Amino acid sequence: MNSTEVYILSGFLGSGKTTLLKTLLENERFLGRKTAVMMNELGKVSIDSEVARDEDVALKELLGGCICCSIQDKLEGQLQGLLLNEKPEVIYIETTGAAHPVEVLDAILSPLFADQFTIKGIVTTVDGLRWRDRKALSPQLQQLLLEQVRHADFILVNKMDELSESEQSKIIFEIQAINPKARCLLTNYSQVSIDELRKLTLSYAKQTSATAFTQQALNLTTFVYQFQEPVSHSGFEDFLRVLPETIYRVKGYIKFDYSSKPYLFQYSYGMPFYMKEEMNLPLNLVFIGENINWSEIEEKLKKLEMEFKNQKENE
Ligand SMILES: Nc1nc2c(ncn2[C@@H]2O[C@H](COP(=O)(O)OP(=O)(O)OP(=O)(O)O)[C@@H](O)[C@H]2O)c(=O)[nH]1
């Protein structure tokens, strides 16, 4: 099955995410791809959704909370519904301006279907004026602006028309200093070509050295491991003990040597958590991290599975 491309549109309130979505949907209409949109708004009533009122675009709205915290479960259900019923080739997820990028990725990557996605990247719009005057914001909001820039893979410094040339270069300089890996573009009304975005890739895939070389280096990356076998619990604990600190999140289902049912496993900033499940679920483990060599992680997990298999054969 072809995997669905997913783009996360992040950015502060009023920075131009909906305008960007409009641009992208126009591009998609031209390309003729089956497109779906998920919009998340903090309020109970959607204001922006008419952007996607096109019979060719499947639209899901998540209202009344932020996907990165209060309505994660609802998001999972809606994404699964979209995948099953609409089978889109591409999904655009517009987050609320208050969302933190790591938490959004976390919310989207359900172990039930993460292997059906190719997360292409986090596209962040920055309101140039807001950035210029950011010192007037509360420290928390300044921090959120910074985090949205730091974790982005593609940054649109928007509302260029409102800035002088020297302000434009100063902002680009500041943003590139915070996130040198992201592509950074100055835009008016979030005008960007979809071809530029399609060059992004955030999900780990086995790469030949040639493709790895041409691919853009990204900050946050994701990786899905599919277990074929149970593993030893103590071996898995050893694996966790030496996980790099920049793996922020691991979640999914895992089977241990002593139980026929899988466990839901959650790991957040160094803390593991296990809960026994009553039914068999796909044994996918989803990882989110920064600057990680995922092939090393993959090798270690494979080794754990092999060890269990060999041990069983010797019994
Ligand atoms: N002057 C100027 N205005 C812009 C530009 N891009 C967007 N806007 C305007 O800025 C306002 C906010 O744009 P949106 O695209 O709705 O921003 P958003 O990030 O979706 O906003 P929220 O949904 O509130 O988070 C709208 O009135 C846009 O027309 C730009 O490049 N220049």
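Student: What makes domain 1 and domain 2 of the protein chain, and where do their bounds come from?
Tutor: The domain assignment gives domain 1 as 4-198 and domain 2 as 219-314; such bounds come from an automatic or database domain assignment. This is a predicted model, in which local features need pLDDT of at least 70 and side-chain atom pairs count only at pLDDT 80 or more, while totals for chains, interfaces and linings use all residues. Residues are numbered from 1 along each chain as its sequence is written.

Student: How many residues does each domain give to the contact?
Tutor: Domain 1 gives 15 residues and domain 2 gives 16 residues, where contact means C-beta atoms, placed from the backbone, within 7 Å. On the side of domain 1 that touches domain 2, helix 3 (101-108) gives the most, with 4 residues. Helices (H or I, at least four residues) and strands (E, at least two) are DSSP runs, numbered from the N terminus.

Student: Why is strand 11 said to lie largely in the open?
Tutor: A residue is buried if 20 or more other C-beta atoms lie within 10 Å of its own, exposed if 12 or fewer, and partly exposed in between, with C-beta atoms placed from the backbone. Of the 6 residues of strand 11 (residues 271-276), 0 are buried, so strand 11 lies largely in the open.

Student: How do you know that strand 10 and strand 11 pair?
Tutor: Pairing needs at least two DSSP bridges between two strands. Strand 10 (residues 263-268) and strand 11 are joined by 6 bridges, so they pair, and they run antiparallel. Ser-268 stands opposite Met-271 in strand 11.

Notes: Two residues are in contact if their C-beta atoms, placed from the backbone, lie within 7 Å.
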